[in-house]
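Hi everyone, thanks for coming.

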Amino acid sequence: MPVTEKKYPEWVQQYRERGTTIKKRGDSYYLYKRTSRRVPGKKYPQPVDTFIGVITRDGVVASEKKKVSLTDIEVYEYGFSRALWELCPEGWKKPLGDDWEDVFRVILQTWSPNSYLLRSREHIPTERYHYNFPAQMASLSRRIYKESGINLAELECLKQVYFLVIDKQEAISRINEQQKALAEKAGISLELE
């Protein structure tokens, strides 16, 4: 049985070469690289199309999107930790003296173990300190609410704002309207510094 080719206008067809295919969607024509791969359970190789660009009367407009290797990506929680850091009251820090950052990080290990603030640090053993950490957590939570009017439950939506490291480049994930409004209410910035 002969294979039938779809008929496209000559100005489109001229870009079809061996190993490529053309697809039409609406009034636009798209050029793809066509390969195939074996799939277990299938009798014949299955086609794999990779987008090259849009075909216009002036030529092929190549895609400017670049592929990123997802094996070299690191993802950390960012928004919640950043908010806690910025909202951390002086009245809570002062009695802890020089230990406040370590106590804060121990608390973060519980509240957000995948925090960007913990990414380059070892796990902080609580035995090193003589603090009642559950009491410190409760105190921090109360003081943040007292000074900002925002409780920890409200900040939970910020756990969906991520810190990304892709090929040694740092970025922040998208911030939705609810998260922007909460950051504005709290007077904090979720932008990468």
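Predicted model: local features only at pLDDT ≥ 70, side-chain atom pairs only at ≥ 80, totals over all residues.

Let's begin with helix 2, which covers residues 79–87. How many of its 9 residues are buried? The count is 7, so helix 2 is largely enclosed by the rest of the structure. If you want to colour them, pick Gly79, Phe80, Ser81, Arg82, Ala83, Leu84 and Leu87. And what do these buried residues pack against? Their partners are strand 5 (73–77), helix 4, helix 5, helix 6 (152–155) and helix 7 (177–186).

Now take one of those partners, helix 4, residues 100–111. Its axis and that of helix 2 come within 12 Å, with a crossing angle of roughly 150°. The cut-off for roughly antiparallel is over 145 degrees, and helix 2 and helix 4 are therefore roughly antiparallel to each other. As for handedness, the crossing of helix 2 past helix 4 is right-handed.

Who is touching whom there? On the helix 2 side we have Phe80, Ser81, Leu84 and Trp85, and they meet Trp100, Glu101, Phe104, Arg105, Leu108 and Trp111 of helix 4. Sorted by class, this contact holds 7 nonpolar residues, 1 polar and 2 charged.

Helix 4 has another neighbour to look at, helix 5, residues 133–148. Here the axes come within 10 Å and cross at roughly 90°. From helix 4, the residues involved are Val103, Phe104, Val106, Ile107, Thr110 and Trp111; from helix 5, they are Phe133, Gln136, Met137, Leu140 and Ser141. The classes in this contact are 8 nonpolar, 3 polar and no charged residues.

On to the aromatics. A pair of aromatic rings is described by the distance of the centres and the angle of the planes. Counting ring centres within 6.5 Å, we get 12 aromatic pairs. One to zoom in on is Trp85 with Trp100: the centres are 5.2 Å apart and the planes sit at 35°, so this pair is tilted. Because Trp85 is in helix 2 and Trp100 in helix 4, the pair ties together parts that are 15 residues apart in sequence. Are these two buried or partly exposed? Trp85 counts as partly exposed, at 28% relative accessibility, while Trp100 is buried at 14%.

Next, Tyr131 and Phe133 make an edge-to-face pair, 6.2 Å centre to centre with 70° between the planes. Tyr131 is partly exposed at 25% relative accessibility, and Phe133 is buried with a relative accessible area of 7%.

Last stop: Thr21, in strand 1, residues 20–25. Its relative accessible area is 12%, so Thr21 counts as buried. Which residues does Thr21 touch, not counting those up to four places away in sequence? They are Arg16, Tyr30, Leu31, Tyr32, Arg34 and Asp49.

That's my tour, and I'm happy to go back to any view.

Key. Residues numbered from 1 in each chain as written. Heavy atoms only, no water. Axes fitted to C-alpha atoms, helices over the stretch in contact; angles between N-to-C directions. Helix = DSSP H or I, 4+ residues; strand = E, 2+ residues; numbered from the N terminus. Parallel < 35°, antiparallel > 145°, perpendicular 65-115°, else oblique. Left-handed = near helix turned anticlockwise from the far one by under 90°. Contact = heavy atoms within 4.5 Å. Nonpolar A, V, L, I, M, F, W, Y, C, P; charged D, E, K, R; others polar. Phe/Tyr/Trp six-rings, centres within 6.5 Å; stacked < 30°, edge-to-face > 60°. Buried < 20%, exposed > 50% of the residue type's maximum accessible area, 1.4 Å probe, protein only.
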